[in-house]
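Dear colleague,

Please find the structure below, together with its sequence. My notes on it follow directly after.

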Amino acid sequence: MTDAPSDAPAATTQEAVAAVSAASRAWAASSYADRAHVIRTIADALDTAAADLITTAHEETRLPETRLAGELRRTTFQLRLFADVIEDGAFLDVRIDRPDTEWPMGAPRPDLRRMLVPIGPVLVFAASNFPFAFSVAGGDTAAALAAGNAVLVKAHSGHPRLSDATAAVISSAARAAGAPGDLVRVIHGTDNGVTALRDPAIKAASFTGSIAGGRALFDIANARPEPIPFYGELGSVNPAFVAPAAASHRADEIAGGYLGSITGSRGQLCTKPGVLLVPAGSPVLDALCDAEVPDPAPLLNDRIQEGFVKGVTSLSAHHGVSVLRAGSDSLADPPGTTLLLTTLDEVLADPNTLVTEVFGPAGLVVSYTNPADLPELARAMDGQLTATIVADEDAASDIALARALVPILTEKAGRLLWNQWPTGVSVTYAQQHGGPYPATTAPTTTAVGTASITRFLRPVAFQNFPASLLPDALRDGNPLGVPQRIDG
Ligand code: NAP
């Protein structure tokens, strides 16, 4: 809603929820082909408006225009990919069991037909660090729209004008393509976000941000008289384990890759590998001190700058932590790159203090003497979005370490990487961006990739229904041509 004032009162929030609810019913009833057409039209309109949107995004977030242009490309690619995915109807996961009097459970099987349907209006809490890809037109919105739901976005306070401008583009594109103009609406204000989350018309919510904020909103979603799914992406340190042979053979490559990963987007990425484990005395330590890093550049906003200074200061104050690399500007605004150093024994003694997310260009390097101790650290870690192993495939000792780590990291993280860095999350079919708490509040799902659409769908089974009352996707003869898994 472009004409909503930024301090819209609760009454306006209720009106926005009502408008989105009405739009959601109409949208859910539209054909998959029509939905795909509308989503593609929205993507085209965002591309057409790119210049203005990028200028506004740059003014509000201080992110460089080249980075913002790439992010907008990713955002419109994502919308088009999701449009492609819904067009063939496979996302409905249609299953048909024909009646079977001989069903071996001891009682006849009825005619059962199951499919996924839209969950209902979705509330999206936009992220600060991706003003396009995790904001008004971002991944959660794309997934909710593809699933057949209208979306209410609680704009992030870091880019209110961009949020309104993006919603305006979406609204006029949707109207032009024959969809409701209220398909995506924006509200502003922390309290209004909570009011919307409590509104019974909202049927699911998603969030990207801090552990404290995400947890507070998750608790509100669960305390409602009708609790709803809350897909929160909260915090992750994304540990990276460097095995001994790789450390001695590829020190410069590893140091350069690591520093590139923690300074990209000024370290303001949820997948930033905040903790790097390296062998004590390894040449990687020297290489980390020598490799080039980008010049300091401003963080997204004052709140994140303050959080960064607090995080680095608090870690540096720990008795077991020293400075590996820092310029005179490490706590300035804008801040330089900081690497802190500690040992595995210190981390094992106090994992909660030392293994913590610091949002910004900083990393904690942990030296270890015995690789056999690393699994203990992996076991002590909280849930993670990613975990990385840097190792030489030809070195038996590296492979042995990896074999010990992989089962534990599989329990702990949503995405495991081998000799690559976790930042730069590709939007694909097999992508998994999630993980056990506190990485997310919903470890069975993903926030990126086409599998994210399922978060905003709900299964319904029809038992013994006449064909005339069944949804087209469940009918014999398959009039929509959607993939059907038929038993019997
Ligand atoms: P945030 O403070 O958690 O805010 C995210 C969104 O949730 C904003 O819309 C915010 O509203 C709202 N919100 C937060 N706490 C709330 C509460 N108690 N009640 C109602 N609404 C609430 O996150 P942020 O501003 O993006 O960044 C702060 C920190 O979050 C960063 O320093 C970083 O540590 C972490 N972060 C993590 C990720 C990730 O991908 N996991 C991404 C970005 C940031 P307002 O805008 O109105 O305050």
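This is a predicted model: local features need pLDDT of at least 70, side-chain atom pairs count only at pLDDT 80 or more; totals for chains, interfaces and linings use all residues.

How many residues surround the ligand, and which are the closest? The ligand is surrounded by 20 residues, and the closest are Ser128, Ser157, Ser210, Leu234 and Arg303. A residue is taken to be near a molecule or strand if one of its heavy atoms lies within 4 Å of it.

Residues are numbered from 1 along each chain as its sequence is written, and side-chain values use heavy atoms, with hydrogens and water left out.

The ligand site

Polar side-chain atoms of Ser128 and of Ser210 each lie 2.5 Å from an oxygen atom of the ligand. For Arg303, a polar side-chain atom lies 2.6 Å from an oxygen atom of the ligand. Taken alone, the ligand exposes 870 Å², of which the protein buries 85%; accessible areas come from the Shrake-Rupley method with a 1.4 Å probe, and for residues only the protein chains shown count as cover. A polar contact here is a pair of N or O atoms within 3.5 Å; within protein, one must be able to donate a hydrogen and the other to accept it, and residues adjacent in sequence count only if both atoms are side-chain atoms.

At least two residues of the shell around the ligand come from each of α7 (190-198), β6 (204-208), α8 (211-223) and α12. Helix α8 gives the most, with three residues. Helices (H or I, at least four residues) and strands (E, at least two) are DSSP runs, numbered from the N terminus.

Helix α12

Helix α12 covers residues 302-316, 15 residues in total, and reaches 21 Å from its first C-alpha to its last, close to the 21 Å expected at 1.5 Å a residue. The expected span is 1.5 Å times one less than the number of residues. Its buried residues are Ile304, Gln305, Phe308, Gly311, Val312 and Leu315. Seen down the helix axis, the buried residues of α12 fall within an arc of 130°, so they line one face of the helix; the arc is that of the directions from the helix axis to the C-beta atoms. Buried means under 20% relative accessible area, exposed over 50%, and partly exposed in between (1.4 Å probe, protein chains only).

The buried residues of α12 pack against β11 (338-343), α14 (351-354) and β12 (362-368). The face turned away from the buried side carries the exposed residues Arg303, Glu306 and Lys310. At the start of α12, a side-chain oxygen of Asn301 comes within 3.1 Å of the backbone nitrogen of Arg303.

Two buried residues

Gln384 belongs to strand β13 (residues 384-390) and is buried, with a relative accessible area of 3%. Polar atoms of the Gln384 side chain lie 2.8 Å from the backbone nitrogen of Val237 and 3.2 Å from the backbone oxygen of Asp382. Beyond its neighbours within four places in sequence, Gln384 is in contact (heavy atoms within 4.5 Å) with residues including Ser236, Asn238, Lys412 and Pro436.

Leu374 is in helix α15 (residues 374-380) and is buried, with a relative accessible area of 0%. With neighbours within four places in sequence set aside, Leu374 is in contact with Phe241, Leu277, Leu344, Tyr368, Leu401 and Leu405. Leu344 is 30 residues from Leu374 along the chain, and their C-alpha atoms are separated by 8.1 Å.

Backbone points to check on screen

The peptide bond from Asp333 to Pro334 is cis, with omega near 5°, and Pro334 lies in the loop between β10 (322-326) and β11. The bond from Tyr437 to Pro438 is also cis, with omega near 5°; Pro438 lies in the loop between β14 (413-418) and β15 (457-463).

Arg62, a residue other than glycine, has a positive phi near 65°. Arg62 sits in the loop between α3 (50-61) and α4 (65-87) and, at 27% relative accessibility, counts as partly exposed. Asn478 likewise has a positive phi, near 50°, and lies in the loop between β15 and β16 (484-487).

With kind regards
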